[in-house]
Amino acid sequence: MTYVRPNFRHPESHRNAAGYSIKQYEGALSTLCAGCGHDSISAAIIKSCFDLNLAPHKIAKISGIGCSSKTPTYFLGKAHGFNSVHGRMPSVTTGANMANKDLLYLGVSGDGDSASIGLGQFAHVIRRQLNMVYIVMNNGCYGLTKGQDSATADQGSAGKRGVASVFDSIDLCQMALQLGAGLVARCFSGDKKQLIPIIKAAIKQRGFAFIDVISPCVTFNNTPTSTKGYEWVRDHLEASGTIDFIPDKTEITVDYPPGSSRAVTLHDGSQLHLQKNAQDYDLASRKAAMNRIETVKEKHKILTGLIYHNPDATDTHEKIQTVDTALNALSQDQLCPGSEVLAELNAQLR
Amino acid sequence: MKPTDISDPDYFHKVVDCQYACPSHTPVPEYIRLIAAGRFNDAYMINWQSNVFPGVLGRTCDRPCEPACRRGRVDEEPVAICRLKRVAADNKTDIRDRLPEIPKQKNGKKVALIGGGPASLTVARDLMPLGYDIDLYDDQHKGGGFMRSQIPAFRLPETVLDEEVNYILDMGVVTHFNQEVTSLKSILEKKYDAVFVGTGAPRGRDLPDLPGRKEGGANIHIGINWLASVAFEHIHKIGKKVLVLGGGNTAMDCCRTAIRLGGEDVRVVVRSPKSDMKASPWEIEDAVHEDIPIYENHNPKAFITEQGRLVGMLFDVVEPVFDDKGKRTLVSTGEEVMMPCDDVLMAIGQLNSFPWIERDIGIEFNDWDMPEVDKTTFQTSLPQVFIGGDAAWGPENVITAVAHGHQAAISIDKHCHSEDVLDRPAPDVNLVSQKMGFHDWLYDVHVSDDARHIVPLQDKKAAIADRKLEVEKGFDFSQGYEEAMRCLNCDVQTVFETDRCIECDACEDICPVDCINFIDNNTEDNLREQLKVKATNLDQDLYVSDTLKTKRVMVKDENVCLHCGLCAERCPTGAWDMKKFLLHTATAASNRRKK
C-alpha cells in the first residue's frame, strides 16, 4: 500500500559540469496530492540547480508550514534544510544567512505562510534585502486544512466548496515591489519553460529575489470558478515574453531579430533574454512595473514572467557592513582578539 | 505525428520487448510474475501453450528474449528469462490433467509428420486436440530430433526431454520410429490430407578438399554426427588430444563432450576473431569455465597424417582486415601453426539436404536446390506439403522451430478445411486495468535492484567426470523469486487518455527516466530530437497522444520506461492507467473455436 521511486534513471542522462547526476538533486518521493502544482515547482528547482551546476551541499532550503513548506523534503535531498515555524521562515533564514553567507538560501513558503500569519516577516525580510530566493507556492487556499480561502484568493473566486471569496486579495508581487525586492517575478507551475529560467535568474540575483508561483491545488481549488485553477490560469496568462537564461561565459549563439528581445544582465554576468513584448516597459522601474501589473489586472489577466529587476541591488551584509568572511568561518582569535585589543578599544571610549 | 493507435495489438506487443523478440511470442512477464507468486504450474502451462518445451528451452534456448529485455537497457544485464522458465518446469507438480483433451471422435483428416523434432511435435501438439489422426516418421528410436541427438545430456537430461516429448506423443500420435523416409512420393501415395516436413538441417559441413582429409578420415568426425553417436551411446571415448573446429554452439557442445569422454587437451580453433564467434556468449562462457582454450584467427590448412593416421593439423594464422565499407577479410600473416591431435571434430556449419524429395512431384526447388517455402504459411508449391523448422531455411534453433510448427499447424488446419491459408487468424489480446485501490496495483511495482543472479553449477570436477550429470543446478525457489523480481513488468502498459488530462505535468515530473514529455507536435524525427532526453533508440516507438487543450501533445519515449506506474500514481484525473496487455498468438483453428 505504498509506493517507491525506482532507482533506475535514464541511461543517457548525463552529469552536469560539477559532476553530479540529476538524482543527486532529487529528494524523497512527494506525499502531496497527485497533480499538485507544488510538485512541478520542486521539479523546476531540481532542474535549475542541476543546470547551474550548484553543489547540493552548498544550498540551504528553509520553509514554514503548509503544503508548500513540505516540498523541501521532495527536492535537493542532499542540501541543508529547516522546516521551521508557521510564517517564520524569513527570520530563520535571516539567522542562517547572518551566520553563513556562503550558502544559497532557498526560502519556500505558501500563500498562507507568507500572506497571512507571516506577512510581517515577509515585509521585513524584503526590507532588509536578505540575499535569498523567496518562492511562494501560491494556490489561493489552505490546502492542508481542507481548502479554506487564503489571503491571496481573488475576490469572486470560488474553490471546491463553491462559495466565492468576499475579500480582495493580497498581491504579493506588488508588496514585494513596494518593499524593495531586487527581483520580482510571477510564474505558473504549469509553465516550466518560463519558471526554470526565472528560478535560475533569482538564484543568480544578489540580494532579495521574489517569485510568486501560481500553483493550483488540485484537491480544493481547481474548479472552473477558481482563479487559481489550471484551466483559468492557462486561459488568462499574459506572459511578459519567452525567456532564456544564458549562463555567464557562454557564447550567445541564439540569433534574436533586432528589437524582438532584450537582455537583463545579472550579478554574475549571466543574462536573461526576454523575447516578445521587448519594448513593454522599463524593467528597472518600480513605477512602470506597478503600472504594468495593474493594467493587466484590469483586463482580468495574470501577468507572468520577470516583472522587475534592479541591476544595482545590494544585500543585508553589504548594508550592515559585515566582514568578507562568513561569520561562522571566523576563528576564535578573530572573534575574541584578546584583552589587549579590548583595553585599547575601551581607551578610545574614555 | 499522428496519435498512436493503441488498438493495434502490435503497438503494445512491441513494448513487451521479450515477448516481441521471442519467435513464439511467449508472454514472458506474465509467467515471470506467476513464478514469483509460486504458481509454477500456471507459469509452466503458459509456456507449454506457447513454446511447447518449457523444460527443454529453460535449459537450452537461444534466448532471443534476453538481448531484447528492457532491463538490459537500464541496468547492466537483462532478466535471466531462460533460467526462470526452468524454475517453472523444475518446480511444477503433475500437470497432465491440464493438457488438452483429445477427442475420441476424430475429424477424419490424416496428417503425416516427417522428422520427430520440435517443429513436427509442435504441429502434432496443435492438431491432435482438434481430432486429427497423425503419423510421425523418424529415423531415431525416440522422438525429439536434434534436441535428443545434439544437445548433450549434461545440458539437457534425457528425462526432461522424454517428459515433454511424451506429453505430445501420448495424445495418440502414431509413431513410426527407426524408419527413415527415403521417398516423399511414397508418403504422398498414402493419401494423407497434409504432410509436414520437419527434418532439420541434418548434414554437417565438411572440409573435403583439405589435404590429409581422406588419410586421417578415421579420426576426423562431423560434429553433429559425432554428438548423435555419443547421445545414442555408440561412441564412449575419444583421443587425449582433440581439436574442435568452429565457433558455434555445436562446437561448444563438442568440446565439452570431448573432455567428458577422455579428452585431456581439448582445444577450440576458430578461423575468425573470438568476438565474431557465432556461439551464444553464455555457451562460450561455459566452455571457458571448463578450462577449454579457444584459439582465434587460425584457418585450417591441412590435416597431418603419419602412416595413415591423423597426428595433427596445420593452421594458417590470419588477421582480420576491414575495407572502407567495413567488410572483413581474413588475411594470412604468413605464420603457420601445427597443433598435434588424436581426433578432430568439425562443427563448422550445417546444411539442409533433401535427397529423398523427388524433384518431379510438384515441389519447386530454387537455385540453391532448396524447396520454395512460403514465409507465412510454410506451404510449398505442392499445396498439401508444408515445411518448417531448420528444414525450411537452414539451421536456427528450437524456439524458432516451435514457432514454425505453430504457424504450419494453422496452415494445415486451414488447408484441411478448404480455407485460405493466407488468411491468418488474429492474436488473442486482452488489456485490463491493474488499479486495485489507493497506491495499490495488481502487479508488484517494487522491482528489485539486484544484479542478475548467477545460476549455481555442479562442482566442476564431478561434472566433467560424468557425461550425464547436468552442469547447471538451476535456481532454487528463493533464487528464482529474487530473479523474477528483477522483471520490470513491461506488459503492464502505460495507457494515456487525452480527454482526461489537465496538463498538471505531475507525470512528467515524477517519471524517473524522463520519458514523458508535453510538447508541440512535430514530425517523428524532430520530436525525437526535442524530447527531454533525445529518443535515439529507433527500434522503440514514440507514444503520441491526441492534441491537448494547450495544443500540445503528450509524447512518451517507450525506450526505457520502467513501467513503475508512477505516472498513473501521480495523475490526479486518471488520464494515465496501468493496463496489463496479454497477447496469445493465434493457434490452429482458433478462428473457428470463437465462432
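This is a predicted model: local features need pLDDT of at least 70, side-chain atom pairs count only at pLDDT 80 or more; totals for chains, interfaces and linings use all residues.

Colleague: OK, how many residues does the contact take from chain B and from chain A?

Modeller: Chain B puts in 33 residues and chain A 28 residues.

Colleague: And what area is buried between them?

Modeller: About 2700 Å², with carbon and sulfur atoms giving 58% of that. On the chain B side, the residues that lose the most area to chain A are B:His439, B:Asp509 and B:Arg570, together 21% of what that side buries.

Colleague: How many salt bridges across the interface?

Modeller: The rule finds three. One of them pairs B:Arg570 with A:Asp39, where the closest N and O atoms are 2.5 Å apart. There are also twelve residue pairs in polar contact between the two chains.

Colleague: Which element of chain B gives the most to that side?

Modeller: α20(B), with four residues. By type, the chain B side that touches chain A has 15 nonpolar residues, five polar and 13 charged.

Colleague: Different topic. Where does A:Gly118 sit?

Modeller: In the loop between α4 (111–115) and α5 (119–127) of chain A.

Colleague: Buried or exposed?

Modeller: A:Gly118 counts as buried because its relative accessible area is 1%, and the cut-off is under 20%.

Colleague: What is A:Gly118 in contact with, leaving aside neighbours within four places in sequence?

Modeller: A:Gly87, A:Gly112 and A:Asp113.

Notes:
Residues are numbered from 1 along each chain as its sequence is written. Chains are lettered from A and ligands numbered from 1 in the order in which they are written. Side-chain values use heavy atoms; hydrogens and water are left out. Contact means heavy atoms within 4.5 Å. Buried area is the accessible area (1.4 Å probe) that two parts lose on being put together, summed over both. A salt bridge is a side-chain nitrogen of Lys or Arg within 4 Å of a carboxyl oxygen of Asp or Glu. A polar contact is a pair of N or O atoms within 3.5 Å; within protein, one must be able to donate a hydrogen and the other to accept it, and residues adjacent in sequence count only if both atoms are side-chain atoms. Helices (H or I, at least four residues) and strands (E, at least two) are DSSP runs, numbered from the N terminus. Ala, Val, Leu, Ile, Met, Phe, Trp, Tyr, Cys and Pro count as nonpolar, Asp, Glu, Lys and Arg as charged, and the others, Gly among them, as polar. Buried means under 20% relative accessible area, exposed over 50%, partly exposed in between (1.4 Å probe, protein chains only).
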